[in-house]
Amino acid sequence: MVASPDSKYMSPQEYLEWEERQEIKYEYIDGEVFAMTGGTLPHTTIALNLASALKIHLRGSACLPFMADAKVGISEKGPFHYPDVVVSCDERDKQAIQFLQYPCLIVEVLSPSTEAYDRGQKFTRYRRIETLQEYVLIDAEKVGLDCFRLNDRGLWELHPYEEGDEVHLTSVDFHFPISLVYENVQFPV
């Protein structure tokens with residue numbers, strides 16, 4: 001994420017209208033906009049692998065998976081983020097045009113420049129979404145997936161997965177080998 005050079009305060013509505021006319025995506029946080037920079041090929045492949053598998057798994061259900069161009073609003077006034085993969089099973093999101101507001105699952109593929117932000121401030125914001133049940137962080141430089149799951153006491157628990165593990169996303173009842181998300185991904189030597 002890179003702050004827009006001509007940054008000035010925008011209201012949420014000004015941002016939504018302005019962004020529709022832009023050639024690239026911008027996240028919106030506290031009245032400021034931040035340009036979304038491109039990811040690596042492994043990053044894109046990981047997100048596509050998971051989104052494709054979720055699409056097949058969720059076919060015929062009330063849940064819809066989305067990829068990087070789907071904006072999520074923490075509220076109608078923002079902040080607005082672009083997760084790598086998001087799933088909503090909420091009827092209210094079926095009519096959404098500009099952004100989703102009721103996801104049950106959000107996935108971010110980590111890069112060295114965004115990992116601290118994705119684990120910290122962004123997760124803090126995402127936790128304000130009442131319908132969110134799982135937040136998944138996938139490492140793009142080695143095999144590893146961290147699933148933060150809301151337990152029945154309202155606390156977020158970490159469920160880490162490593163090479164050889166089977167992942168279970170309880171929010172959408174999806175079991176898969178961790179190798180699925182790394183199919184066709186080459187790590188630097």
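A salt bridge here is a side-chain nitrogen of Lys or Arg within 4 Å of a carboxyl oxygen of Asp or Glu. Hi everyone, with that in hand, let's look at the charged pairs. This is a predicted model, in which local features need pLDDT of at least 70 and side-chain atom pairs count only at pLDDT 80 or more, while totals for chains, interfaces and linings use all residues. Residues are numbered from 1 along each chain as its sequence is written, and side-chain values use heavy atoms, with hydrogens and water left out.

Searching the whole structure gives ten salt bridges. Glu27, Glu108, Asp118 and Lys122 are joined in a network of them. Within it, Lys122 pairs with Glu27, their closest N and O atoms being 3.7 Å apart. Lys122 sits in helix H4 (residues 121-126) and Glu27 in strand E2 (residues 26-29), so this pair ties together parts 95 residues apart in sequence. Helices (H or I, at least four residues) and strands (E, at least two) are DSSP runs, numbered from the N terminus.

Are these two partners buried or exposed? Lys122 is buried, with a relative accessible area of 4%, and Glu27 is buried too, at 0%. Buried means under 20% relative accessible area, exposed over 50%, and partly exposed in between, with a 1.4 Å probe and protein chains only.

Next, Asp146 and Arg119 meet in a salt bridge at 2.9 Å, N to O. Asp146 belongs to strand E10 (residues 145-150) and Arg119 to helix H3 (residues 115-119), so parts 27 residues apart in sequence are tied together. Asp146 is buried at 17%, whereas Arg119 is partly exposed at 32%.

Strand E10 also holds Arg149, which links to Glu134 in strand E9 (residues 134-139), 15 residues away. The closest N and O atoms of Glu134 and Arg149 are 2.7 Å apart, and both residues are buried.

Now to helix H2, please. H2 runs over residues 41-58, and its 18 residues should span 26 Å; the end C-alpha atoms are 25 Å apart, which agrees. That expected span is 1.5 Å times one less than the number of residues.

Its buried residues include His43, Ile46, Leu50 and Leu54. An α-helix has 3.6 residues a turn, so residues three or four places apart point the same way. Among the elements covering the buried residues of H2 are strand E8 (103-110) and E9, where contact means heavy atoms within 4.5 Å.

At the N-terminal end, Thr40 caps H2, with a side-chain oxygen 3.2 Å from the backbone nitrogen of His43. After H2 comes Gly60, with a positive phi near 85°. Thanks, everyone!

Terms used: Polar contact = N/O pair within 3.5 Å; in protein donor to acceptor, adjacent residues only side chain to side chain.
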